[in-house]
Amino acid sequence: MIFEHKSVLLEETIDSLDIKPDGIYVDGTLGGGGHASQVCRHLSSKGKLIGIDQDQDAIKAASERLSEFGEKVTIVRDNYQKIKQILSELGIEKVEGIYLDLGVSSYQLDTASRGFSYREDDAPLDMRMDVRNPRTAADIVNEYGEIELYHIIRDYGEERFAKNIAKHIVRARQEKRIETTGQLREIIKAAIPMKMRVTGGHPAKRTFQAIRIELNHELDVLSDSIDTMIDLLKPKGRLSIITFHSLEDRIVKNRFRENENPCVCPPDFPVCMCGRISKGKVITRKPIVPGEKEIEENKRAKSSKLRVFERAL
């Protein structure tokens, strides 16, 4: 299957980076190279793009797509959580810009064998963004305790029927190990009242999201990486992050705000005593969202939000 993924908020992301032709930029979620190819077109022969992705299919697709840019591009198969180590090994201390396009690619959703989609019947319950990970979604579904499952589905899926879904999963796996996306989907459907199945969107969507986030540690990686990425920016350098659900967006919004205003002194203190200094400013007071035209052309763009942070001088 061809790695196809329509880049979300493409022009907005490029504009947000305020690209310097001779600069160094990092794409932390390279995917098929859609954003990266446009960044490269703005770079001179002295400019450089570092592309990071943990998905082997994405690496292959992006390598082919970006081959025309030659030595301007360096691709690394890893998690963007290791960005500081990756840049250090490349002899790079600071960069002009970093950007992330979070979530699951269209390719991952549409490739049944990857097990991300609840619309497939017989796909393996996988959901690994990096197939080198020995654990799969099936391990979580079949091995986590009922309370653990409840908390994951409630917190990462924001699912109101999390307790009942967790109970149904545990009951079902006592009879037979849950191995496919279709099996899990039907278990979830049975745990949700009929009227909510009709009006609340696909009943399995939130639970599948929650399991995927838990398996790939998506929120922990994001939360733990933002400060590091800001520290790696040169003065006036920018960090641009596209999110696709409220949990990601909340993390980005809060981390950006804390880096802009890190002071923890009580409000009634006449002067700051904690000594924490602002690292820069939030460029996007409100997130940038896709226009109607983009949403019409790509339904998966509907929930996307772009937030941008600029490093201080």
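## Terms for helix packing

Angles under 35 degrees count as roughly parallel, over 145 as roughly antiparallel, 65 to 115 as roughly perpendicular and the rest as oblique. The angles run from 0 to 180 degrees between N-to-C directions, with axes as lines fitted to C-alpha atoms, for helices over the stretch in contact. Helices (H or I, at least four residues) and strands (E, at least two) are DSSP runs numbered from the N terminus.

This is a predicted model in which local features need pLDDT of at least 70 and side-chain atom pairs count only at pLDDT 80 or more, while totals for chains, interfaces and linings use all residues. Residues are numbered from 1 along each chain as its sequence is written, and side-chain values use heavy atoms, with hydrogens and water left out.

## Helix 9 with helix 11

Let us start with helix 9 (residues 181-191) and helix 11 (residues 205-216), which pack at an angle of about 125 degrees with their axes 10 Å apart. Helix 9 and helix 11 are therefore oblique to each other. Helix 9 passes helix 11 in a right-handed crossing; a crossing is left-handed if the near helix is turned anticlockwise from the far one by less than a right angle, and right-handed if clockwise.

On the helix 9 side, the contact (heavy atoms within 4.5 Å) uses T181, L184, R185 and I188, and helix 11 supplies T207, F208 and I211. By class, this contact has four nonpolar, two polar and one charged residues. Here Ala, Val, Leu, Ile, Met, Phe, Trp, Tyr, Cys and Pro count as nonpolar, Asp, Glu, Lys and Arg as charged, and the others, Gly among them, as polar.

## Helix 8 and its two partners

Helix 8 packs against helix 9 at about 130 degrees, with their axes 9 Å apart. That makes helix 8 oblique to helix 9, and their crossing is right-handed. N164, I165, H168, I169 and A172 of helix 8 meet L184, I187, I188, A190 and A191 of helix 9. These residues divide into eight nonpolar, two polar and no charged.

The axes of helix 7 (residues 146-157) and helix 8 (residues 162-175) come within 8 Å and cross at roughly 140 degrees. This pair is therefore oblique as well, and helix 7 passes helix 8 in a right-handed crossing. The contact has eight nonpolar, no polar and five charged residues.

Now to the strands: an open sheet of seven has the order 3-2-1-4-5-7-6, with mixed pairing. Two strands pair if DSSP finds at least two bridges between them. Strand 3 and strand 6 (280-282) are the edge strands, each pairing on one side only. Neighbouring strands are turned by 15 degrees against each other on average, direction ignored.

Strand 2 (residues 48-53) and strand 3 (residues 73-77) pair in the parallel sense over five bridges, with G51 opposite I75 in strand 3. Between these two strands the chain crosses through helix 3 (residues 56-65), and this β-α-β crossover is right-handed: with the strands pointing away from the viewer, the path from the first strand over the helix to the second runs clockwise. Strand 6 and strand 7 (residues 305-311) run antiparallel and are joined by three bridges; G280 has R311 of strand 7 as its bridge partner.

## Helices on the sheet

Helix 2 (residues 34-41) lies across strand 1, strand 2, strand 3, strand 4 and strand 5, running at about 155 degrees to strand 4.
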